[in-house]
Every structure is written in C-alpha cells, then in structure tokens.
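Please read them with the sequence and the model side by side.

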Amino acid sequence: MADEVHFQVQASPERACGQYANASIVSTTNAESRIDFLYVDHANKNGDEVPAHLVARVIMPTSSLANLSETLTKHISKHLEQGM
C-alpha cells in the first residue's frame, strides 16, 4: 500500500470562492491535456454568435486527466445513487 499524502490546500479568498463555468472544451495530446472552462453568455447572443468567456484553463499530464475522469465518474455515480 502506498504512503498516504495529505495536502493542506491554501487559496486566497478570491480563488476559494471559485468561478462559474457552464461549458468546457477538452484538448488532448499524448503528453498533455488542456481543459478550458467557459462562461457562455447566451443572454448576449448576436445572430449566430454567442459570446464565450474563458474562465480558467487547466493543463495537466494526460495520465492525470484519465485519473480525473475516473474520479469524476465515481463521484457522479455516488451522487446519482443518493438522488439528486
């Protein structure tokens, strides 16, 4: 069994409040993956154009993205079992 590591996550109050995103784009290569979190502003649609603002960009090793995907799947399944 691997040794457990406990992180003490620290964040400024501004970061700790988080950012709202209602869309994401994932780009992947063999080495790295990028997730762009966006706020799509449907209220200000102009014809076929909808403004989309970059809220955050996260770049990580693709192997970490695979681990993140697995973790998200487990959490979502558990949440759905409990009833939304």
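1. Two strands are taken to pair if DSSP finds at least two bridges between them. On that basis, β1 and β2 pair in the antiparallel sense, over six bridges. Within this pairing, A23 stands opposite L38 in β2. The model discussed here is a predicted one.

2. The sheet as a whole is open and has three strands, in the order β1-β2-β3, with antiparallel pairing. Its edge strands are β1 (23–28) and β3 (52–61), each of which pairs on one side only. From one strand to the next, the twist averages 20 degrees. Helix α2, residues 62–82, packs on this sheet and touches β1, β2 and β3. The direction of α2 makes about 110 degrees with that of β3.

3. Is D36 buried or exposed? D36 has a relative accessible area of 7%, and it counts as buried because the cut-off for that class is under 20%. Apart from neighbours within four places in sequence, D36 is in contact with A23, S24, I25, L54, A56 and R57.

4. The charged partners of D36 deserve a separate point. With R57, the D36 side chain meets in a salt bridge at 2.6 Å, N to O. D36 lies in strand β2 and R57 in strand β3, so this pair ties together parts that are 21 residues apart in sequence. R57 is partly exposed, with a relative accessible area of 45%. The side chains of D36 and R57 also make a polar contact (2.6 Å).

5. A salt bridge also joins the side chains of R34 and D36, at 3.7 Å, N to O. R34 has 31% relative accessibility and counts as partly exposed, whereas D36, at 7%, counts as buried.

6. K74 counts as exposed at 52% relative accessibility, while E70, at 46%, counts as partly exposed.

7. To close on the salt bridges: the count comes to three. Those that share partners join R34, D36 and R57 into one network.

Conventions:
Residues numbered from 1 in each chain as written. Predicted model: local features only at pLDDT ≥ 70, side-chain atom pairs only at ≥ 80, totals over all residues. Heavy atoms only, no water. Buried < 20%, exposed > 50% of the residue type's maximum accessible area, 1.4 Å probe, protein only. Polar contact = N/O pair within 3.5 Å; in protein donor to acceptor, adjacent residues only side chain to side chain. Contact = heavy atoms within 4.5 Å. Helix = DSSP H or I, 4+ residues; strand = E, 2+ residues; numbered from the N terminus. Axes fitted to C-alpha atoms, helices over the stretch in contact; angles between N-to-C directions. Salt bridge = Lys/Arg side-chain N within 4 Å of Asp/Glu carboxyl O.
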